[in-house]
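Please give a short report on this protein chain.

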Amino acid sequence: MTLRFVGIDLNIGGEGSPTVWMEEESADLLLQGEEADALLTSLVGSTEWVAGHSMGIPANERVIRIPAPMVPILREACDAAERAAVEHRGFR
């Protein structure tokens with residue numbers, strides 16, 4: 001497994017480190033960020049966002065908060081993942 005570092009939020013300073021990587025073989029994105037507080041987690045878990053889709057947050061998933069300054073880094077990561085997926089698997 002090979003990870004490509006995409007970026008980190010340098011505005012946070014020494015504490016915390018919202019970070020984005022792309023896993024080279026799958027082109028999946030990995031996000032590190034602050035776990036959402038109980039109120040946001042409850043809101044996300046108790047709302048039917050897509051009709052017919054189960055509500056709740058599975059035990060193996062977390063809701064994380066990514067700061068707004070990370071948007072350009074996420075955009076870069078999405079573009080890199082899209083290119084890698086096309087190269088590796090022919091997805092479009």
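Among contacts in the protein chain between residues at least 6 apart in sequence, what percentage join residues at least 24 apart? The share is 47%. A contact here means heavy atoms within 4.5 Å.

This is a predicted model: local features need pLDDT of at least 70, side-chain atom pairs count only at pLDDT 80 or more, and totals for chains, interfaces and linings use all residues. Residues are numbered from 1 along each chain as its sequence is written, and side-chain values use heavy atoms, with hydrogens and water left out.

The chain has 2 helices and 5 strands. Their order along the sequence is β-β-β-β-α-β-α. Both are DSSP runs numbered from the N terminus: helices are H or I with at least four residues, strands E with at least two.

| Property | Value |
|---|---|
| C-alpha box along the principal axes | roughly 40 × 40 × 25 Å |
| Buried share of the 92 residues | 22% |

Buried means under 20% relative accessible area, exposed over 50%, and partly exposed in between (1.4 Å probe, protein chains only).

Trp-49 is found between helix 1 (38-45) and strand 5 (64-65). Trp-49 counts as exposed because its relative accessible area is 59%.
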